[in-house]
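User: Please take a close look at one part of this model. Start with a hairpin, then follow the strands and the side-chain packing elsewhere.

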Amino acid sequence: MALRFVLLACIFPAFCAQALAAEAPDAPAERAPDGTPTASPAPAAKTFSTGVAKGRDLLDSAISATSLDETDLPRLGVSNLAGIIGNMPGIRVESTGSDGFSSMTVRGLPLSGDGSKYLLIQEDGLPVLEFGDIHFGAMDTFVRADLSLSQVQAIRGGSASTFASNSPGGVINLISKTGEEAGGAVRYSGGLGYDLNRADFSYGAPIGHGWRFHIGGFYRIGEGPRHLGYNGFSGGQVKFNVTHDFVGGGYVRFYGKYLDDRQPPNAEYPVLLSGSNDKPTIASLPGTDVRRDTLNSKYTSTNLTMDENNNPMAIDQRRGIHGVSRAFGVETQFDIGGWTVSDRFRYASNSGSFNQELPFVFGPAAAMGTIVGGPGATFSYATGPNAGQSISSPATLSGDRACCSCSSNCMARSTSWIMWPTICAPRGCGTWAAAS
């Protein structure tokens, strides 16, 4: 049903001088004389280790880099990854307000239609996808930010393209917590004036004999800030890792992630433009609210089309931007004869879909009926509680606007386009209007 991206990523053993031991985001636990592990100190919050050969403090670095730690992230007031990255200097982000279908680039490089053509997103040192400009399959579709996130590090230019593929503009690395200290947190957030509930959790601790663990994730559900008539947001993720610190220095870590999350795509919406080029005035059309309304509706959630084999298939528009990611991996670092060996391996299976109402033309309902159906065209409800009833006077409906739009189903086995005229109502295009 969905196009799958299977990513098998591996960084082969890198041999470097012992001074490179600072590259690891977390140091191994120290041992008492009797061999009992002692509590490991927390890693330096601003130590930078992404896209460079040697980790070092940002103040002692010549590269163009930024690091946001778990103290900085809550202050941003955003939960989607694009919003977090957009707060980093030198990075341009155009976001729909949700995860997925965001455009990102580094200052001085062009912005692709969607995704990040010149910027690579990593999770714990390995790429989320090898290519960032897959249309309707951007990298931020398969990664989320929650309480399990320890740091977000970004390097712009410099050595980024040397240590990561497809990254001439830079690398953004999401580093997870690994349980150096015992503790955790639970957080609830809800919408003010709209239906959206989200719960985040995070907990990690040493468990003895050189072992420590961390688990975290989130779950959310709700309609969202726009009037959909159904739960546009639904899903979450869980991440887990276990680390063993070697007696002689170094560590080995096993980790996994499961993500299954969907959210509505906020497509274009008509507005009333007046004023002049120097001082334009943008306002909502009569009977609509561009801040809360949408073209998505529970009455237009199912559309029939054809798959790549010309077999009938139904598109469920309620799936919106749906990302599913299953990943597991292992990483290790240890010293041999004055050299440090680092290796990372991860297997990831990513899949999903992109379903959206894309408006092409807006206009008064009567005019659109004539354009699509010809002179004398009439409107009637196609779905919903008034299905089959004729609309004698479209001008009496709230909004009095029809749009010629298309339904897209991308990242599936085919991309299909359907066009129809619709009547825009205050709570979205909840009633289909068919011209005849």
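How many residues lie between S16 and S17 in the hairpin they form?

Analyst: Four residues lie between S16 and S17 in this hairpin. The model is predicted. Strand S16 covers residues 272-275 and strand S17 covers residues 280-283. The two run antiparallel and are joined by four bridges.

S12 and S13 form it, with two residues between them. His209 sits in the turn and has a positive phi of about 60 degrees. Twelve bridges hold S12 and S13 in an antiparallel pairing. Within that pairing, Gly204 stands opposite His214 in S13.

S13 also pairs with S14. That pairing is antiparallel too, again over twelve bridges. Here Arg212 has Thr243 of S14 as its bridge partner. Ten of the 14 residues of S13 are buried, so the strand is largely enclosed by the rest of the structure.

Now the rings. A search of the whole structure finds four aromatic pairs. One of them joins Tyr203 and Phe213: the centres are 6.0 Å apart and the planes meet at 50 degrees, so this pair is tilted. It links distant parts of the chain, with Tyr203 in strand S12 (residues 195-208) and Phe213 in strand S13 (residues 211-224), ten residues apart. Phe213 is buried, at 18% relative accessible area. Tyr203 is partly exposed, at 39%.

Phe213 has another ring partner. The centres of Phe213 and Phe240 lie 6.4 Å apart with planes at 35 degrees, so this pair is tilted as well. Phe240 belongs to strand S14 (residues 233-245) and Phe213 to S13, so the pair ties together parts that are 27 residues apart in sequence. Phe240 counts as partly exposed, with a relative accessibility of 38%.

Arg198 lies over the face of Phe218, 4.0 Å from the ring centre.

Next, the open sheet. It has five strands in the order S4-S9-S10-S7-S8, with mixed pairing. Its edge strands are S4 and strand S8 (126-127), each pairing on one side only. S4 runs antiparallel to S9, and five bridges join the two. Asp69 stands opposite Gln151 of S9.

Last, the nonpolar packing. The largest nonpolar core holds 31 residues. Among those with the most contacts inside it are Ile85, Ile121, Val152 and Leu174. Elements that give two or more residues to this core include strand S4 (65-69), helix H2 (81-85), strand S7 (119-123), strand S9 (149-156) and strand S10 (170-176). In soluble globular proteins, nonpolar side chains tend to be buried together.

Leaving aside residues up to four places away in sequence, Val152 touches Leu68, Leu73, Ile84, Met88, Ile172 and Leu174, among others. Its contacts also include Thr66, Ser67 and Asn173.

Conventions: Residues are numbered from 1 along each chain as its sequence is written. This is a predicted model: local features need pLDDT of at least 70, side-chain atom pairs count only at pLDDT 80 or more; totals for chains, interfaces and linings use all residues. Side-chain values use heavy atoms; hydrogens and water are left out. Rings of Phe, Tyr and Trp (its six-membered ring) pair if their centres lie within 6.5 Å; planes under 30 degrees apart count as stacked, over 60 as edge-to-face and the rest as tilted. Buried means under 20% relative accessible area, exposed over 50%, partly exposed in between (1.4 Å probe, protein chains only). A charge sits over a ring if NZ of Lys or CZ of Arg is within 6 Å of the ring centre and within 35 degrees of the ring normal. A nonpolar core is a set of buried Ala, Val, Leu, Ile, Met, Phe, Trp, Tyr and Cys residues joined through side-chain atoms within 4.5 Å. Contact means heavy atoms within 4.5 Å. Two strands pair if DSSP finds at least two bridges between them.
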